[in-house]
Amino acid sequence: MRNAIGALRLWASWTLALAAVAMVLQTHTARAAEGGGGFMIYDYSETDEGQQKAVRLAIPAGLETIRGLFVNTNAAGGDTRDYYSVPYRKAFASLHGLAFVGAKAFNSHLGSVTVREHALSRFAVESGHPELLNVPFVAYGFSAGAGFANRLLNTLPERVIASAPLSTAMRME
């Protein structure tokens, strides 16, 4: 029963996050057919707090201008770097002109935000998408990943267009 309730909560949080982003980006629905089936992948890693942290950027093939980032951060011990390949996430990213950012070993500490910013700086150069430095994002995470989503909301509120932290303490600093 607990697993069913947890799965329902996870589904509900994803639905809310995706609906919020869809409302903000509703003018971009015409690009759905142009999104293509593949992604350009960029990886970055850095040591923070004695731990190797990794970030992956997945840009839908053919996307000329990135309109926002879908940031899906890992739970404790988890890895969301390949979550861009889930069919509904691929479709959503392509539909709304979003690039996907997944992570490994992130937590709610400020150092994880710094690593993400370092990664985006490098990705902006490598990918030829300088807009990565300023685009808004939706942040989603479960458990420790939710702590990171909450950290983003508190640290960079001007860039967060939607946040769906699931199973964490909400800190409004």
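What pLDDT does the protein average? I noted an average of 79, with 75% of the residues scoring at least 70, where pLDDT is the predictor's confidence in each residue, from 0 to 100. I then looked at residues 19–37, where the pLDDT is below 50, and found that this stretch has 31 contacts in the model beyond near neighbours in sequence, a contact meaning heavy atoms within 4.5 Å.

For my own conventions, I wrote down that this is a predicted model in which local features need pLDDT of at least 70 and side-chain atom pairs count only at pLDDT 80 or more, while totals for chains, interfaces and linings use all residues. Residues are numbered from 1 along each chain as its sequence is written, and side-chain values use heavy atoms, with hydrogens and water left out.

Next I looked up the secondary structure and recorded four helices and six strands, taken as DSSP runs (helices H or I, at least four residues; strands E, at least two) numbered from the N terminus. Along the sequence the pattern reads α-β-β-β-α-β-α-β-α-β.

I also checked burial, and 49% of the 173 residues count as buried, that is, under 20% relative accessible area with a 1.4 Å probe, protein chains only.

Among contacts between residues at least 6 apart in sequence, I found that 72% join residues at least 24 apart.

Key: Buried means under 20% relative accessible area, exposed over 50%, partly exposed in between (1.4 Å probe, protein chains only).
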